[in-house]
Amino acid sequence: MTPAHELALAEVRTYLAALADQAATTKAASSYEHALLAVDNVHGDITPAVDRACVQVGASALFERATSAVESLAVHGVDELQIELVLAMLSDARGSDGA
Amino acid sequence: MYGESGASMRQELAGLLRTERVSQRLGGPGRHPSSFRTTDDERASLGLLIRGYRQSVLVWCLEAATAADPYVETSIARAEPNPFKRADRDLSPLPALQTALERATRSSTAVLPNLEQLTTRSDVPLVEAWRQAARAAVMAERDLDGSEVGQLGQGQLTLRQAQTLVADVSAICQALIVLDRRYGRASSRLAVDT
């Protein structure tokens, strides 16, 4: 894994974890965590650390950032179908989060 | 070769997952991303065609899940049957997937596409993407029959190959489920609008 890929992955994990932390219900938090698990699974459980400092924004902005961060994984050779499936999970989680 | 057909199926399904506003892409009412319009009847026949293509992909999923482990048996001791749980909930993941796929394939009323439908290019990009996915599924299905050397016939797979195949099947099933739900939501929105 290249450093750029690792950075992009850390960003995705950070936003997904922050969304899970801020979720209004347990179900929504669990859905965001499922998306996070799917990302980890795609990367063979390579799990760069979550950076909690950069996520002091609202849920909508976090969702936008998480979406574009997941999309950016395509540049690093992540399978497009897996990316779309993670995006679908993210969108479902957002739906159950009352958005 | 399975690698090519599998990759093509994944690519087309990824493209379909990126597609929003399905009804409009079939020429339905609303602000148009496409330049053509279709009548209700035309959209209904396009829908039937898509259902047939979807069925081809589903059939491939079932055959691949069966080929990955034709004689699934677990050595793990079964728990005492719970009368409040359905029997299939006690299965391990692969047999549970096989059972679910078998049930979904059997209960679907969609008709598999004929050779002409599989080989004729459609002018509607959404239908064309489904056709390509179904075509790749049929090609990949041929690799599973095991009649030729080097193909992925039942019982001929190494553990690693079987694991890769199961991962492919589960990703493609997941994509089909997401698409089913989106199309279901789109049609109920349309029903509310009209």
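Contact means heavy atoms within 4.5 Å. The structure is a predicted model, in which local features need pLDDT of at least 70 and side-chain atom pairs count only at pLDDT 80 or more, while totals for chains, interfaces and linings use all residues. Residues are numbered from 1 along each chain as its sequence is written, chains are lettered from A and ligands numbered from 1 in the order in which they are written, and side-chain values use heavy atoms, with hydrogens and water left out.

**View 1. Overall make-up of chain B.** Chain B has 7 helices and 0 strands, where helices (H or I, at least four residues) and strands (E, at least two) are DSSP runs numbered from the N terminus. Among contacts in chain B with a separation of 6 or more, 71% are between residues 24 or more positions apart. Chain B has 194 residues, of which 41% count as buried; buried means under 20% relative accessible area, exposed over 50% and partly exposed in between (1.4 Å probe, protein chains only).

**View 2. Surroundings of B:Ser122.** B:Ser122 lies in the loop between helix H5 (115-119) and helix H6 (125-143) of chain B. B:Ser122 counts as buried because its relative accessibility is 18%. A polar atom of the B:Ser122 side chain is 3.1 Å from the backbone nitrogen of B:Val124. Apart from neighbours within four places in sequence, B:Ser122 contacts B:Val127, B:Glu128 and B:Arg131.

**View 3. Interface of chain B and chain A.** The contact involves 13 residues from chain B and 9 residues from chain A. Together the two chains bury about 950 Å², 56% of it on carbon and sulfur atoms; buried area is the accessible area (1.4 Å probe) that two parts lose on being put together, summed over both.

**View 4. Salt bridge between B:Arg18 and A:Glu84.** The interface of chain B and chain A holds 4 salt bridges, each defined as a side-chain nitrogen of Lys or Arg within 4 Å of a carboxyl oxygen of Asp or Glu. The side chains of B:Arg18 and A:Glu84 form a salt bridge at 3.6 Å, N to O. On the side of chain B that touches chain A, helix H1 (2-18) and helix H7 (159-193) are the elements that give two or more residues. H7(B) gives the most, with 8 residues.

How values were computed
Polar contact = N/O pair within 3.5 Å; in protein donor to acceptor, adjacent residues only side chain to side chain.
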